[in-house]
Amino acid sequence: MRQHFQIVIVGGGTAGITVAARLLRRNKNLEENIAIIEPAENHYYQPLWTLVGAGASNLKSSYKKMSDVIPRGVDWVQQEVIGFDAKSNSINLNNNTTIKYDYLVIAPGIQINWSSIKGLEENIGKNGVCSNYSAKYVEETWRQISNFKEGNAIFTHPQTPVKCGGAPMKIMYLAEDYFRKQNIREKANVIYETPKDAIFDVEKYKKELDKIVDEREIVVNYHENLIEIDGDKRLATFENIKTGDRKTIPYTILHVTPPMGPLDFIKESEFSDKDGWVDINPVTMQHKLFQNVFSLGDASNAPTSKTGAAIRKQAPIVVDNLLQDMNDEMLTHYYDGYTSCPIVTGYNKLILAEFDYNKKPKETMPFNQAKERRSMYIFKKGLLPKMYWYGMLKGLM
């Protein structure tokens with residue numbers, strides 16, 4: 001295994017693969033001079049898991065082998081990163097080897113902390129507890145929804161940043177729609193428990209989503225954080241983040257969005273901010289202290305939603321600025337915080353939220369995207385996966 005590369009990318013997810021592909025398209029001389037460090041065998045298109053959990057798609061269509069998506073001309077180092085030495089430009093791997101770099105792109109994603117909720121690890125995948133945030137458990141979500149007869153169907157959002165802030169509620173809308181189509185809606189109490197102050201952070205889309213939950217009689221409880229699950233008794237305990245009061249609710253289905261946070265090897269590194277995220281300039285995507293380090297995607301502290309759509313706009317900025325820095329040029333490319341959240345509100349219904357750092361809509365379609373549309377659902381289910389596999393990961397968009 002080579003010990004030194006001009007550019008090392010940590011992470012073979014959406015961000016890492018997209019950056020590598022774009023770098024090679026911009027500069028053919030970088031062939032055989034880029035490495036991606038990624039331990040996983042498979043690469044997942046995770047936005048599809050909402051539809052997998054709702055029985056509208058299948059898990060197999062959401063992934064490919066990692067070897068099939070890493071660009072030709074890039075070395076794949078299939079190891080785990082355990083630490084960095086920023087002063088020596090080196091990365092420590094779990095097989096007791098070290099790789100050195102001239103430039104580093106940190107894009108390992110986000111860590112899912114299943115153990116942060118008491119009883120979650122013991123009950124996930126059984127006792128009515130499911131989650132769309134794992135390839136291992138996403139099919140259990142559909143099993144629970146499709147077998148539901150009556151009772152409380154509870155959907156949660158944790159008190160942490162998450163991958164795609166809208167995803168915790170998407171599966172709720174789909175489940176509610178399914179219950180309605182099966183003529184059992186009157187037997188279902190659909191409940192959304194969230195520690196947030198509002199159902200969505202951008203006012204334009206919040207107004208429409210507030211109308212939807214009112215019209216469909218979905219109970220939304222704000223400031224509530226899931227802290228414990230008793231799977232044998234099918235009880236979920238929540239704590240109010242404002243008052244500290246606790247409540248315990250029986251459930252038939254409990255869809256849990258687990259707490260998430262920065263990966264340990266990021267938190268323990270010189271690259272992290274006080275909260276453990278990679279500390280970058282949110283406009284140039286360059287590290288605030290280390291000029292030869294860039295970051296994007298879920299691992300960075302860019303103050304925007306952690307979505308694949310954000311990465312699609314961040315990746316060109318990282319590539320352009322990295323190449324400028326390599327040529328001792330001033331960085332002239334800037335990221336405005338654009339992100340997108342396709343909010344599935346039912347089978348064949350979707351609101352396409354697009355916005356920037358200022359939480360202002362930044363829409364690309366010639367119509368009001370806050371309205372539910374069948375066309376946008378078709379766009380998400382049929383077109384976006386193709387754009388991802390054959391466009392974004394190829395460095396073409």
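This is a predicted model: local features need pLDDT of at least 70, side-chain atom pairs count only at pLDDT 80 or more; totals for chains, interfaces and linings use all residues.
Biologist: How many of the six residues of strand E11 are buried?

Modeller: Strand E11 covers residues 151-156, and E11 pairs with strand E12 (residues 188-194) in the parallel sense over six bridges, with Thr156 opposite Glu193. E11 is largely enclosed by the rest of the structure, because the buried residues among its six number five.

Biologist: Which residue of E13 is the bridge partner of Thr194?

Modeller: E12 and E13 run parallel and are joined by four bridges. Within E13, the bridge partner of Thr194 is Tyr222.

Biologist: Which strands stand at the edges of the open sheet of three strands?

Modeller: This sheet has the order E14-E15-E16 with antiparallel pairing. Its edge strands each have a single partner strand, so one side of each is left without a neighbour in the sheet, and these are E14 (224-230) and E16 (246-250).

Biologist: What is the bridge partner of Ile229 in E15?

Modeller: E14 and strand E15 (residues 235-240) run antiparallel and are joined by six bridges. In E15, the residue that bridges to Ile229 is Ala236.

Biologist: Which residue has a positive phi in the turn of the hairpin of E6 and E7?

Modeller: Strand E6 (residues 81-85) and strand E7 (residues 90-93) run antiparallel and are joined by four bridges, and Val81 stands opposite Leu93. The hairpin leaves four residues between the two strands. In that turn, the residue with a positive phi, of about 55 degrees, is Asn89.

Biologist: And in the hairpin of E7 and E8, which residue takes a positive phi?

Modeller: E7 pairs with strand E8 (residues 98-106) in the antiparallel sense over three bridges, and Asn92 has Thr98 as its bridge partner in E8. This hairpin has four residues between the strands, and the positive phi, near 65 degrees, belongs to Asn96.

Biologist: Why is the pair of Trp114 and Tyr137 classed as it is?

Modeller: The structure holds 14 aromatic pairs. In this one the ring centres are 5.8 Å apart and the planes stand at 75 degrees, and planes over 60 degrees apart fall in one class, so the pair is edge-to-face. Trp114 lies in the loop between strand E9 (111-112) and helix H4 (120-123), and Tyr137 in the loop between strand E10 (129-130) and helix H5 (138-147), 23 residues apart. Both rings belong to buried residues, and the class of the pair is edge-to-face.

Biologist: How many residues apart in sequence are the parts that Tyr335 and Tyr357 tie together?

Modeller: Tyr335 and Tyr357 form an edge-to-face pair, 5.4 Å centre to centre with 75 degrees between the planes, and both are buried. Tyr335 lies in the loop between helix H9 (308-326) and strand E20 (339-346), and Tyr357 in the loop between strand E21 (349-355) and helix H10 (374-390), so the parts tied together are apart in sequence by 22 residues.

Biologist: Is Glu38 buried or exposed?

Modeller: Glu38 sits in the loop between strand E2 (34-37) and strand E3 (42-44), and its C-alpha atom is separated by 5.1 Å from that of Gly11, 27 residues apart along the chain. Because its relative accessibility of 13% falls under the 20% limit, Glu38 counts as buried.

Biologist: What is the volume of the second largest pocket?

Modeller: This pocket is lined by 30 residues, and those nearest its centre are Thr160, Pro161, Val162, Lys196 and Asp201. Its lining divides into 14 nonpolar, eleven polar and five charged residues. The volume of the second largest pocket is about 580 Å³.

Key:
Residues are numbered from 1 along each chain as its sequence is written. Side-chain values use heavy atoms; hydrogens and water are left out. Two strands pair if DSSP finds at least two bridges between them. On a 1 Å grid over the protein atoms alone, a cavity is a set of points where a 1.4 Å probe fits but cannot get out, and a pocket is an open set with protein on both sides within 12 Å along at least five of seven lines; lining residues have an atom within 4 Å of a point. Grid points are joined across faces, edges and corners, and a volume is the space filled by probe spheres set on the points. Ala, Val, Leu, Ile, Met, Phe, Trp, Tyr, Cys and Pro count as nonpolar, Asp, Glu, Lys and Arg as charged, and the others, Gly among them, as polar. Rings of Phe, Tyr and Trp (its six-membered ring) pair if their centres lie within 6.5 Å; planes under 30 degrees apart count as stacked, over 60 as edge-to-face and the rest as tilted. Buried means under 20% relative accessible area, exposed over 50%, partly exposed in between (1.4 Å probe, protein chains only).
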